[in-house]
Every structure is written in structure tokens, then in C-alpha cells.
Amino acid sequence: MDMIGLHIGVIGAGTMGLGIAQIAAQAGCRVTVFDQSAQALARGGAAMDAALERMVAKGRLAADLRSEITGRVRWDDQLHALSNAHLVIEAIVERLDIKRDVFSALEQIVGADCILATNTSSLSVDAIASALRWPDRFCGLHFFNPVPVMRLVELIASSRTAPSVMTRAAKVMTAWGKQVIVARDVPGFIVNSVARPYYAEGFAALGDGIAPQDIDALMVEAGGFRIGPLALSDLIGQDINYAAAASVHSRIAGIARFELRREQAALVERGDLGQKTGRGVYDHGKPLPLPNWLTSEKPAPAHIQVHAADSPLQGLFTRLANSGICVERNDALPPDCFKLGECVIALGDGLPLAARPGVDMLLDLARDFATATALGVTALRGTDLNPLTAMFHRVGINLLLLPDRPGQVVLRSMVQLANAALDAANHGVASPEDIDKALILGANHPQGPIDWGCGYGIERLAVNLRHLASVLQSDAYLPSAASAK
Ligand code: NAI
């Protein structure tokens, strides 16, 4: 699609509007940014200049293109300036009444062919459309922050959007270099609903007394995520993250998985909003605390016995064998278990250690035991942790001691993410492939949750979730119909 000659209107010169205007202008479009605040417009112009200047400094943009790009952008405090736009994207305050008013005024002044889109992250696209005389040309285009960096755009139709509008909107987004994923108009669309358990489980673990640096370290070093849930919520801002959770929660009645976490509410109430206020989960005025790694003065044991059945632990056994530890097969052991001296160590399955007779230690899950650099372990009181710690140190794995908590940390988060994703697929929010792609592109997850769940085993996933649901007596963990099959 030829972008030259395409006139894009952007409403709102805030964080998102600026990013959208910048990528539209970079793609060659003519852009008009409207904001009711002259101050926001002036700040916006300076901010876009600075953003492009940084790109030049990093060698990502030729210096002579900078003025060409800024030359394509007009800043205006009159809505009328958008009258001959071909596509208008709204990115103003997240209020249904105000968005409706703006679109009602806008549809009177733009041409009949102009597409109108909202960047709302939590309101219903249908509810905004219901205020319009011509709702067929209206859709949702949900960008991610920072817009120039994040490649995903969720495209959402209202119940009245014309298919040709979806096609044209998708073509423009693709021409801007975005990956478009069509999502149903459900609260939080794909990313903001499916990724919710990542934060919710982080706060639940915090509420159970686990140190935040231990939770974050496990989710990064065993879970394979780029940043832990608590550090990420401090980066996003507790108020913003909690508002997103609250909005999904308020629009979904009765799904326990979306219950709000009191630990996060308390931070917001105290004004501990994260990096921007200097304190959130962490005190950002000080160096962040180190995880409580276990230490050992003893040498690593010379051999272990393992159950040979196919197990997620296989990658770990191979690593241990490659480091010179003798890994003996003993099929008398239960599956997903190994024995160190007289100590039986089992992979967690959602039950607490207290409900696992004959097991002395429970190992928390890793996305990939062949590459994990830290693992969590729960041990019976009085168990000597030295041999296990020493053995893991030998293969570059740090160990963290966890309380006897159902699902420990990583397992509980990962099975709940996969559960949420399967549920979304089951409800037709998007295809399983698109849900996975959205989480990777829009939330920086290392792997799609459904792809992970299939590799882990849908049956194993459902068993873990049922254990969690029964031990915690919470419907929040009931397996989605898709994983229960
Ligand atoms: P922001 O607060 O940075 O900017 C909003 C801008 O809209 C301000 O400049 C304000 O002056 C202007 N504005 C407010 N009411 C207006 C009106 N009636 N007419 C014209 N201009 C008006 O907000 P931000 O963060 O850019 O969010 C905008 C929208 O994008 C919201 O709907 C939000 O939910 C959505 N969104 C935000 C994301 C984020 O990470 N900040 C991510 C994805 C979507």
C-alpha cells in the first residue's frame, strides 16, 4: 500500500499518540496530531524531535530523514484539522464518555471513506461504536508502548465494523511495519487479559511471604522471562498495571482468575507506584536486593538415581551426566523423581510437599531444565540441602529455598498463563497461533503460552491445575475446557 498521500489523523499528543504519529510519519504518511491542550502539542513536537534525534545518534535513522519526517507532521488544537484524513486514530484519556463525544464530533467532519479507530486498552470497542451514526467504519487499533519499538497491533472489530475496513486498517498497519493480530472485543483483548496471571501470580507469591527478588529471579532464570513480574510491574507503574487489572476484572464477572490482588492494591493506596515514585515492590533508591541463593560448603555428590520415563527433568539429568556425575537409572522411583543419597526429590505437580508421601524435596518447574540457571526447591524440615546445592552449582544452577506452597512459583505462573491462553482460544478471542504470537510480540514472552503448554503436555497441565484448584480451593485454577479435554 502506498503511504505517500495517505493522511493520518491522531487524536491525543500523549505517550501513545506521539508514538503513533511518529511511525506514521516515518512510513511516509502525512500526519495531523490534534490535542485539546496547546501545552501537550508543544511538548509533543519537542518529544518527537528528541525521539528521532536519539534514533539518529544510535545510527537507526539517516540524519537527513529526520527533518523530512518531522516536516510531515502538523500539530493542531482544532478537530477540524482532521477533516480530510483517511484514517484517524484516537489516543486520548481512557474514558468512555469522552471518547464517545470525540468520535461523535469527528464523524461529522471527516469524509465518508475515512476509517476511525480507537487505541483504547480496556474499553469495549462496541460500546464506543454505539455512539456513532456510521459504526461500520470504526474499529479498534490497539498499539503497545513504546509504539515505535513494539511490533504488535491488535485489530478489533465492533459488531458493526465492515470487513473492508478491517482489511484496509490491517494493510496500513502492515505498511507501518506492524504485525497485525485480529482479536475479539473482549476485556483486555488478547495480551492484557492472557498476560494477567503473570502479575497476579507474582503478587500472590509475594503475599505468601516469598522475597520479591527470589520470585523475580526464578521467573527469569527458571521461567525464561526477560524480566520478573514484580520488577516489571514497578517499571510499568503499579497504578497503570492495577488499573488494567481492575478494568479487565470489572468487565468480567465471576472469573476468579481475574480477581485483583490485595498486595498490589496496597501499593497503589500507599502511592508506592514503582520506579516513577522511587518505591514500589522494590526501593529504587538503593541497589536491588540479591536473591537468597543457597550456599554449600560440601562437595557435589558422585551419583544420583533417576526415573527414566520421559520427564521435563530430562534436560537436567543430561546436564548432570555431562558434568561427570554418575546418573543411574532406577525405575522403582516414581516418575519425575530422582534420588540423591536417601533423599527423594520430585518435580512439583501443583500439590504441596506435605501431600507428596515419600518425597523429601520438591523442585519447582523450569521452562527448560537444560538451560535454567536457577531453580526453586521446597524441603522437609531438617533436610540437608548441601548435597543438592553443591550438585546444582556444579552445572551452573543456583538454588532458592521456597516455602511449602502449592505450585511453588514458576509452575504456578506458567500453568496459569497457559490456562488463560487456552481459555482465550477456547472462547474464540483469537486462534491459538495468534494468541501465542501476541504474547511474544506484545508482552515480550519468550514463548507462546499455548505452544509451551502443548510441549509440557496438556494432560500434565490439566492435572497440575486440578491439584492447585483443589488444594487452594479456588476456581481461579480450574483448567480451561481446552486443557481439561
Ligand atoms: P496520555 O495521558 O499520555 O495522553 C492523552 C492525551 O490526550 C493528552 O495529551 C491529553 O491532553 C489528550 N486529551 C485528553 N482528552 C482529550 C480530548 N477530549 N480531546 C483531545 N485531546 C484530549 O495517555 P496515553 O498513555 O497516551 O493513552 C492514550 C490512550 O491509549 C488511552 O486510551 C490508553 O488506554 C491507550 N493505551 C495506552 C497505553 C500506554 O501504555 N500508555 C498502551 C496502549 C493503549
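Colleague: How do α15 and α17 pack, in terms of angle and axis distance?
Modeller: In this predicted model, α15 and helix α17 (residues 449-456) pack at an angle of about 115 degrees, and their axes are 8 Å apart. That angle makes α15 roughly perpendicular to α17.

Colleague: And is the crossing of α15 and α17 left-handed or right-handed?
Modeller: The crossing of those two helices is left-handed.

Colleague: Which residues of α15 and α17 make the contact?
Modeller: From α15 you have Leu411, Met414, Val415, Leu417, Ala418, Ala421, Leu422 and Ala425. On the α17 side, the contact is made by Pro449, Ile450, Trp452, Gly453 and Tyr456.

Colleague: How does the contact of α15 with α17 split by class?
Modeller: There are 12 nonpolar residues and one polar residue in it, with no charged ones.

Colleague: Okay, over to α8. At what angle does α8 pack with α9?
Modeller: Helix α8 (residues 196-207) and helix α9 (residues 212-221) pack at about 140 degrees, with 9 Å between their axes. That makes α8 oblique to α9. Their crossing is right-handed.

Colleague: Which residues of α8 and α9 are in contact there?
Modeller: Tyr198, Gly202, Ala205 and Leu206 of α8 meet Pro212, Ile215 and Met219 of α9. By class, that contact has six nonpolar residues, one polar residue and no charged residues.

Colleague: What about α8 and α11, how do their axes cross?
Modeller: The axes of α8 and helix α11 (residues 238-251) cross at roughly 115 degrees and come within 11 Å. The crossing of α8 and α11 is left-handed, whereas that of α8 and α9 is right-handed.

Colleague: Which residues of α8 and α11 meet?
Modeller: Arg196, Tyr199 and Phe203 in α8 meet Gln238, Asn241, Ala244 and Ala245 in α11. Sorted by class, the contact has four nonpolar, two polar and one charged residues.

Colleague: Switching to the ligand: how many residues surround it, and which are the closest?
Modeller: The ligand is surrounded by 23 residues, and the closest are Met16, Asp35, Glu94, Lys99 and Ser121.

Colleague: How far is the Lys99 side chain from an oxygen atom of the ligand?
Modeller: An N or O atom in the side chain of Lys99 is 2.7 Å from a ligand oxygen atom.

Colleague: And what are the distances for Ser121 and Asn119?
Modeller: Ser121 has a polar side-chain atom 2.9 Å from an oxygen atom of the ligand. For Asn119, a polar side-chain atom lies 3.0 Å from a ligand oxygen atom.

Colleague: Now some backbone details. What kind of peptide bond joins Asn145 and Pro146?
Modeller: A cis peptide bond, with omega at about 0 degrees. Pro146 lies in the loop between β6 (138-143) and β7 (152-157).

Colleague: What about Gln408, is its phi positive or negative?
Modeller: The phi of Gln408 is positive, near 45 degrees, in a residue other than glycine.

Colleague: Why point these two out?
Modeller: Because most residues other than glycine have a negative phi, and most peptide bonds are trans.

Colleague: Got it. Where does Gln408 lie?
Modeller: Gln408 is in the loop between β15 (398-401) and α15 (410-426). That brings us back to α15, the helix that packs with α17.

Conventions: Residues are numbered from 1 along each chain as its sequence is written. This is a predicted model: local features need pLDDT of at least 70, side-chain atom pairs count only at pLDDT 80 or more; totals for chains, interfaces and linings use all residues. Side-chain values use heavy atoms; hydrogens and water are left out. Axes are lines fitted to C-alpha atoms, for helices over the stretch in contact, and angles run from 0 to 180 degrees between N-to-C directions. Helices (H or I, at least four residues) and strands (E, at least two) are DSSP runs, numbered from the N terminus. Angles under 35 degrees count as roughly parallel, over 145 as roughly antiparallel, 65 to 115 as roughly perpendicular and the rest as oblique. A crossing is left-handed if the near helix is turned anticlockwise from the far one by less than a right angle, and right-handed if clockwise. Contact means heavy atoms within 4.5 Å. Ala, Val, Leu, Ile, Met, Phe, Trp, Tyr, Cys and Pro count as nonpolar, Asp, Glu, Lys and Arg as charged, and the others, Gly among them, as polar. A residue is near a molecule or strand if one of its heavy atoms lies within 4 Å of it. A polar contact is a pair of N or O atoms within 3.5 Å; within protein, one must be able to donate a hydrogen and the other to accept it, and residues adjacent in sequence count only if both atoms are side-chain atoms.
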